[in-house]
Amino acid sequence: MATVDVDLPHVKEDDPHHHGPARGLGRWLYTTNHKDIGSMYLIFSLCMFMIGGIMALIIRAELFQPGLQLVEPNFFNQMTTMHGLIMVFGAVMPAFVGLANWMIPMQVGAPDMALPRMNNWSFWILPFAFLILLSSLFMPGGAPNFGWTFYAPLSTTYAPESVTFFIFGVHIMGASSIMGAINIIATILNMRAPGMTLLKMPLFVWTWLITAFLLIAVMPVLAGVVTMMLMDIHFGTSFFNAAGGGDPVLFQHVFWFFGHPEVYIMILPAFGIISEIIPTFARKRLFGYASMVYAVASIALLSFVVWAHHMFTVGMPLVGEVFFMFATMLIAVPTGVKVFNWVATMFRGSLTFETPMLFALAFVVLFTIGGFSGLMLAIAPADFQYHDTYFVVAHFHYVLVPGAIFSIMAATYYWLPKWTGHQLNETMGKIHFWLSFVGVNITFFPMHFVGLAGMPRRIPDYALQFADFNSMASVGAFIFGFSQLVFIYNVIQNVRVGEKATAQVWEGAQGLEWTLPSPAPYHTFSTPPEVK
Amino acid sequence: MAVHNENHTKRLSLRLATAAIAMFGFGFALVPLYDVFCDITGLNGKNFNQGPIQISTVDESRTVKVQFITVNPGNMPWNFEPTERSIRVSPGEDRQTVFYAKNPTTNWMVAQAVPSVTPSEAAPYLHKVNCFCFERQPLEAGADTEMPLLFIVDPKLPEHISTITLSYALYDLTDNQKVTQVKPNKDKGRARL
Amino acid sequence: MTKALTLALSLLSAPAWADWQINMNKGVTALSREIFDLHMLIFWICVVIGVAVFGVMFYSIFKFRKSKGAVSEHWHENTTVEVVWTVIPSIILIAMAIPATATLMDMYDTSEADVEIQVTGYQWKWRYQYLDEDIDYFSNLATPREEITNEASKNPNYLLEVDNPLVIPANKKVRFLITANDVIHSWWVPHFAVKKDAIPGFINESWVKVEEPGVYRGQCTELCGKDHGFMPVVVEVKSESDYQQWVSDQRAMKLAMAGEASKEFSMDELVAKGEGVYNTACAGCHQPNGQGIPGAFPAITGSTIATGAIDAHVDIIVNGKPGTAMQAFKEQLSAVDIAAVVTYQRNALGNSVGDLVQPNTIQN
């Protein structure tokens, strides 16, 4: 990103046209303010993260030792399914949307999102979607138990009654995501301050712009696939039922056509966040800004032609296997470029290690480890041994937990002083970081081992040779889980008390948002800043 | 890009919304696209290669083992099996075989056989000239039948393929049939278990 | 620290389950070794790249600290470097993909096989049909319920043992034709590097040529419902002569079973036999105590079927109930087993109808 020189119109807090927020519950129900909506998204996502986390702990508690101790296999399957759905659609995606709401207008110098009323809608339908999904836990027959990938016919002919509510929930959250994406694209393309050309935009904005296009391209496909399920279940069609001329494998193709870009939807904004944080704490401009943008764009494009690498064992023709193997391996190239660029940014910088930087560094290392296992999984013949084992579980948790989740935490710590006006309590931040870092690795690293040794995923009980590493993973999960209470404490404390933060907050921070006072006033950039 | 242009935003949002709706349609379009894809690659050996075909030359130089297997998915109670487990054919010659089916229940039933071929690479070369799987098969309670299959292996079959397996999964479609067809069921009063 | 922790953990767990396998099985076929080598190759490539990247990163972290007085430099672009680190990984990847493609082609070998077996996944068991031998049986989990519920200590093959393993000859090409009866399953034996999805309505194939006789264990790897974790795959590889012996034993057993079906059994004999059948075939859903799972699987205790007309009771077991998880058991159970389990369900699990059914009336 080019250095941003700004002529800041002096902020008049007492401007008669700029009244503050309304009072009471109405403020939150009717708000069209991007900061309010961003906060609500983030709080919602934190709640979902906790609920999904409790489910993860139930799973890990059952897997602490061989044998069935705590839950029945059917309930175990409901837990794995709901954990996946809630973490993907309830925790990670809304957290990124929340960050986008807060930061994109401030980073491009816009007064608000382009479509503020739709913004309110896209948030407020989300709690209903998850209320519907969670209520299925209390329905006869239980919640969805067919895995977050809901392969037919387990999710159609053989599904519990609650599948209809699941489908309805997915429709609503899909609509919410699509509306959010439209809003973000409109904001970025139409509301940038004068002089903020596309290639001057911060990388967080860039990655979100590309992510939003991915969302518009694939969330409707997800809506389509659940609609087909709905029709198969209730209206007698046979999209996925061989008896009527359908094909269960078709489900997997359509699902992963959505599912693989979805994976990048959960990681591209993280790339953006890390590309903001590392230059700040290295006090050096991001290395290879342009190639970063091209890398993100090519990852996004490639994500449309790799979906069947999730299906190597499904019985594809040889050419299919070879094609999807090559395409998948290609993705390693732009991803590698990003990692190299981050390292080059740090090289000959002037580094300090505040909490956001620690999370960002952990991201680079652990995400790269997840990338390596991803590269291994791309090797189709070897995938016959890895597929659907704990090796896969280890892989995607490495890219999603110390990947997506760590980036969200890094972003929270990075921008929190801007939101609340209080400097961070570094001691508590570092306690949270180290507990999380150790917890994550104890949890997920041993999963590589049991996976390679032959433990399938999604099983409530396992053979004895997997016992030791599983106990270890369970201990790690509880460390990681409970250390998030420190995170909640840190956020709440920062909202309430703390040293007054300066406008720039971090010594090396560059960009429009750091020209605003901390906390950022309710209305910002009502008069667009001039970017030179 | 000076000041936020309301009309511009409206137009852009509408375009994006249209794109989203189009992608919803594309999700459904993947269904026929997938069929075309299967047709070309032989993936899953679905219902294609049907009907009469003109193959003039018989490749006498080699034989291919064509193997038949059957599956009764779900709770399909029929007895269903090939009368010959496998036959050796020369590519290009047309051969007939029959499958035996019996409905051992006390109800009139309708079944549909779903074919599938492995290796998938061979699927485009196995032509079903006439097959009981083209139609639904009704059977009276306790009745049995022999169902014919007439097929040709295309002489263009790659040399390295020596065995082709044709599998039939027999599905019970009696319930789907009830709606559209008056069924000649004598045990009408009998409760279904 | 992790070491101390795991040590503490292993002390906590009652029996010594120390097994610290951290890598993939090399396996017992030429193909599995080829795949293992590929796996190690890509692993070491990753290690080398990792050491290089993390090396530079950690060097920067230690060397260029502000606290050590590092001052940041101003460069932020270098086209040559950027092109180099795009091109080099691409070359590595292409170099990697070539042996991988060669291995794939070996896996898709379609030459004629010596033994052909149809493998069908059911919720939650496997069925093996020998296409040329007229051998056809089901393979169920053999681990006793008490071990799973922690009422008995677990044996070394816990959850990886079945009543009837698949038996194949060594040094012969065995071709598996894999399909499913209900939902998608996946048949995996790690030592063979054979994993193939079993898809209802469609057929997949895979093959193996095992060099050493032995017992090899695997599991279903595609989530297939409640007892997905409880449907292991066990393959017994026998020498050619032992295999032939086994085949003729199977034939003899089949004849013996047919004879048994015409025998008359007493109530006690049937109930005793039925308990075993019930625990293998029914207890997974209807539960060992016959109470079922409300909302998912009906109870046997007090059910209208198990206390009603005996013909209807036999019929639902023989033919299943369409549109539900209740399977047709006529393929899975012998007439003796069906008679026994019907009698057991009517006179145990809290039911006491008092009637029984003989095997010879089951056959149709």
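Author: Strands (E, at least two residues) and helices (H or I, at least four) are DSSP runs, numbered from the N terminus. This is a predicted model, so local features need pLDDT of at least 70 and side-chain atom pairs count only at pLDDT 80 or more, while totals for chains, interfaces and linings use all residues. Residues are numbered from 1 along each chain as its sequence is written, chains are lettered from A and ligands numbered from 1 in the order in which they are written, and side-chain values use heavy atoms, with hydrogens and water left out.

Reader: OK, chain C then. Which strand does S1(C) run antiparallel to, and how many bridges join them?

Author: That's strand S2 of chain C, residues 125–130, joined to S1(C) by 6 bridges. The link between S1(C) and S2(C) is a hairpin of 2 residues. If you want pairs to click on, Thr120(C) stands opposite Arg127(C), and Gly121(C) stands opposite Trp126(C).

Reader: And which strand runs parallel to S1(C)?

Author: Strand S5 of chain C, residues 174–180, with 7 bridges to S1(C). Ile117(C) stands opposite Phe176(C) there.

Reader: What's the strand order in that open sheet?

Author: S3-S2-S1-S5-S8 in chain C, 5 strands with mixed pairing. S3 (135–139) and S8 (204–208) are the edge strands, each pairing on one side only. On average, neighbouring strands of this sheet are turned by 25° against each other, ignoring direction. The angles I quote run from 0 to 180 degrees between N-to-C directions, and axes are lines fitted to C-alpha atoms, for helices over the stretch in contact.

Reader: How many residues of S1(C) are buried?

Author: 8 of the 8, residues 115–122, so the strand is largely enclosed by the rest of the structure. Buried means under 20% relative accessible area, exposed over 50%, and partly exposed in between (1.4 Å probe, protein chains only). Val115(C), Ile117(C), Val119(C) and Gly121(C) point one way, Glu116(C), Gln118(C), Thr120(C) and Tyr122(C) the other way, and all are buried.

Reader: There's also the open sheet with S4 and S10 in chain C. What's its strand order?

Author: It goes S4-S10-S9-S6-S7, with 5 strands and mixed pairing. The edge strands are S4 (166–169) and S7 (194–198) of chain C, and each pairs on one side only. Strand S6 of chain C (185–189) pairs with S7(C) in the antiparallel sense over 5 bridges. Ser186(C) stands opposite Asp197(C) in that pair.

Reader: Switching topic to cysteines. How many disulfides does a search of the whole structure find?

Author: Just 1 over all chains, where a disulfide is a pair of cysteine sulfur atoms within 2.5 Å. Cys131(B) and Cys133(B) form it, with their sulfur atoms 2.3 Å apart. The torsion about the S-S bond is about 135°, so this disulfide is right-handed. Cys131(B) and Cys133(B) are both buried.

Reader: Now chain A. At what angle do the axes of H5(A) and H6(A) cross?

Author: Roughly 155°, and the axes come within 8 Å. H5(A) covers residues 163–190 and H6(A) residues 203–234. The two helices are therefore roughly antiparallel; the cut-offs are under 35 degrees for roughly parallel, over 145 for roughly antiparallel, 65 to 115 for roughly perpendicular, and oblique for the rest.

Reader: Left-handed or right-handed crossing?

Author: Left-handed, which is when the near helix is turned anticlockwise from the far one by less than a right angle, with clockwise being right-handed. The contact of H5(A) with H6(A) has 26 nonpolar, 6 polar and no charged residues. Ala, Val, Leu, Ile, Met, Phe, Trp, Tyr, Cys and Pro count as nonpolar, Asp, Glu, Lys and Arg as charged, and the others, Gly among them, as polar.

Reader: Last one: where does Met50(A) lie?

Author: In helix H2 of chain A, residues 34–62. Met50(A) is partly exposed, with a relative accessible area of 23%. Met50(A) and Ile379(A) are 329 residues apart in sequence and 35 Å apart in space, C-alpha to C-alpha.

Note on methods
Two strands pair if DSSP finds at least two bridges between them.
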